[in-house]
Amino acid sequence: MRTVTVVGASLAGLYAARELRAQGFDGRLVIVGEESHRPYDRPPLSKDFLLGKAGEDQLALSDVDETLELGAEWMFGVRARGLDARGRTVLLEGGRTVSTDGVVIATGASARRLPGPALTGVHTLRTLDDARSLRAELLRGPRRVVVIGGGFIGAETASSCAALGHSVTVVEAAPLPLLPQLGPEMAAVCAGLHARGGVELVTGVGVAALRGDSAVHGVELADGRVLPADVVVVGIGAVPNTGWLAGSTLALHDGVLCDDGCVTALPQVVAVGDVARVGGARAEHWTSATAQPRVAVRNLLAGHAVETVRPMPYFWSDQYGSRIQFAGRRKDGDQVRVVEGAVEDGSFLALYERAGVTTAALAVDRPRPFTRVRRELARGEARPVVRSVAEPVAL
Amino acid sequence: MIPVCRLEDLPEGGSVRIDTAPPIAVFHADGELYAIDDTCTHQDASLSEGWLEGCLVECPLHEASFDLRTGRPTCLPARRPVRTHRVTVEDGVVHVHPAAEEGTAA
Ligand SMILES: Cc1cc2nc3c(=O)[nH]c(=O)nc-3n(C[C@H](O)[C@H](O)[C@H](O)COP(=O)(O)OP(=O)(O)OC[C@H]3O[C@@H](n4cnc5c(N)ncnc54)[C@H](O)[C@@H]3O)c2cc1C
Ligand code: FES
């Protein structure tokens with residue numbers, strides 16, 4: 001393999017580039033990124049960056065030395081717009097092409113938007129540019145902020161806006177935010193954090209429309225209520241960036257379809273990070289975007305899948321001064337119980353169990369026991385837990 | 001020099017955090033006492049809550065690992081070392097000598 005092209009210059013793309021060099025690839029390495037920025041880390045955007053606690057320099061994922069060491073040809077501000085049927089040519093916007101022997105697809109996902117015309121004051125939060133413009137608006141004085149969507153990014157954004165002194169309402173269409181991820185008991189616990197942060201949570205009602213001519217001034221709910229708003233943050237999930245691959249031979253369905261080793265139907269094309277649907281599932285977590293590249297690159301250089309990834313899903317979230325950590329694969333119907341600490345103290349470890357086996361763990365400000373369980377889950381050693389330490393879940 | 005705790009209160013595999021500015025984590029690992037800055041250089045997790053394996057501590061947030069002897073990260077995502085501090089035991093009490101303090105004393 002003489003040339004490898006990485007498409008997407010963010011977390012998963014950078015980790016793939018590192019792995020290529022670490023695993024001995026010494027050919028031409030081309031990295032194409034649509035954004036004009038060097039690789040930066042997204043998780044702080046809704047947390048310390050929005051709060052003003054971390055500047056742009058602290059978001060950088062790499063430094064000058066490492067960039068030089070990688071010996072890559074970086075193309076920033078350049079969008080890939082196609083991949084030929086054999087996966088040997090990457091077409092770039094503007095008509096240029098890159099001939100290549102291998103491709104790493106790392107184009108991530110984009111924030112889902114609401115239909116309708118663009119109004120000023122309406123934001124999404126996915127990119128540094130998004131975060132810059134939201135932050136600039138929040139610095140202009142007290143605002144009435146409505147966050148649409150109570151998922152992790154919505155909750156973190158609401159928490160940061162409240163901490164900056166704004167009046168904040170979160171609208172969630174489901175009866176509780178994070179229900180599919182956490183199940184009813186723990187979703188209720190996390191929903192409770194909003195109240196603690198002084199944020200109003202409106203659940204069980206969808207958004208009908210945004211009100212405003214050029215600038216937004218309200219959010220109309222499906223039940224007719226109108227929430228006045230100067231700033232609206234739309235946090236309703238992300239869609240994988242596969243549009244540029246239309247017309248290639250790759251199978252696309254909520255992501256780039258890959259086997260368990262991140263390899264697509266073309267052995268010289270692998271996909272990693274938020275855009276990759278690996279072995280039937282797509283993860284939108286930092287840890288998968290950093291773990292998949294090692295295996296994907298190994299398989300790319302080997303010419304076929306010699307290794308598979310099955311990392312234990314893990315994510316964290318910082319809201320209202322609490323650190324939430326979750327690991328494992330929870331399914332509906334799993335029993336949940338608090339095994340350390342107490343919900344009302346704001347610091348606890350809860351285990352999800354099925355037939356006496358731990359399937360997942362959720363911790364709020366309990367990193368040490370959480371890590372222990374996470375490691376056990378990862379090793380597949382989740383043993384039945386001793387009943388005597390059980391405490392009822394207090395809600 | 002800062003007293004930390006009695007030696008018997010810091011058993012093998014244990015750690016304590018002291019609220020200096022910046023906070024320092026003291027570990028009893030691999031039969032030795034070590035002290036490093038508590039805050040992970042990647043983001044803001046507390047390394048005293050980390051996972052000990054030999055003389056490596058793994059950050060509880062994104063699994064960067066630091067060598068307690070040198071403070072150097074042994075894997076990503078951390079890229080900068082944490083400062084290390086000297087530890088002594090006097091009359092059964094563990095003491096930390098913060099690096100900056102030593103620097104000025106010398
Ligand atoms: C605000 C926010 C907070 C988050 N917080 C957490 C958290 O607390 N915990 C957690 O586990 N995860 C968190 N995440 C998720 C985590 O950041 C993502 O899982 C991770 O960024 C995925 O990395 P990626 O490289 O796959 O995709 P991305 O980071 O989306 O990067 C994809 C890159 O590809 C570029 N691109 C797209 N299309 C093209 C094209 N056609 N040509 C060239 N370039 C292209 C994009 O511009 C982008 O730079 C958060 C995400 C956001 C947005
Ligand atoms: S905060 Fe320690 S690895 Fe990220």
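How many nonpolar, polar and charged residues are in the lining of the second largest pocket? Keep that in mind; the tour ends there. The model is predicted.

**Stop 1: the interface.** Select chain A and chain B together. Here 21 residues of chain A are in contact with 18 residues of chain B. Between the two chains about 1600 Å² is buried, and carbon and sulfur atoms give 45% of that area. Now pick out A:Arg323, A:Arg368 and A:Arg375. These three supply 34% of the area that chain A buries against chain B, more than any other three residues.

Stop 2: Six salt bridges are counted between chain A and chain B. Zoom to A:Arg374 and B:Glu63. They form a salt bridge, with the closest N and O atoms 3.2 Å apart.

**Stop 3: elements on the chain A side.** Colour helix H1 (11–22), helix H7 (286–302), strand S22 (314–319), strand S23 (322–328) and helix H8 (367–378) of chain A; each gives two or more residues to the side that touches chain B. H8(A) has the largest share, six residues. By class, this side of chain A divides into eight nonpolar, four polar and nine charged residues.

**Stop 4: the second largest pocket.** Its space is about 630 Å³. Select A:Gln58, B:Thr41, B:His42, B:Gln43 and B:Arg80, which of the 30 lining residues are the closest to the pocket's centre. Then show H1 and S22 of chain A, the elements that give two or more residues to this lining. And the opening question: the lining has 13 nonpolar, five polar and twelve charged residues.

Definitions and conventions
Residues are numbered from 1 along each chain as its sequence is written. Chains are lettered from A and ligands numbered from 1 in the order in which they are written. This is a predicted model: local features need pLDDT of at least 70, side-chain atom pairs count only at pLDDT 80 or more; totals for chains, interfaces and linings use all residues. Side-chain values use heavy atoms; hydrogens and water are left out. Contact means heavy atoms within 4.5 Å. Buried area is the accessible area (1.4 Å probe) that two parts lose on being put together, summed over both. A salt bridge is a side-chain nitrogen of Lys or Arg within 4 Å of a carboxyl oxygen of Asp or Glu. Helices (H or I, at least four residues) and strands (E, at least two) are DSSP runs, numbered from the N terminus. Ala, Val, Leu, Ile, Met, Phe, Trp, Tyr, Cys and Pro count as nonpolar, Asp, Glu, Lys and Arg as charged, and the others, Gly among them, as polar. On a 1 Å grid over the protein atoms alone, a cavity is a set of points where a 1.4 Å probe fits but cannot get out, and a pocket is an open set with protein on both sides within 12 Å along at least five of seven lines; lining residues have an atom within 4 Å of a point. Grid points are joined across faces, edges and corners, and a volume is the space filled by probe spheres set on the points.
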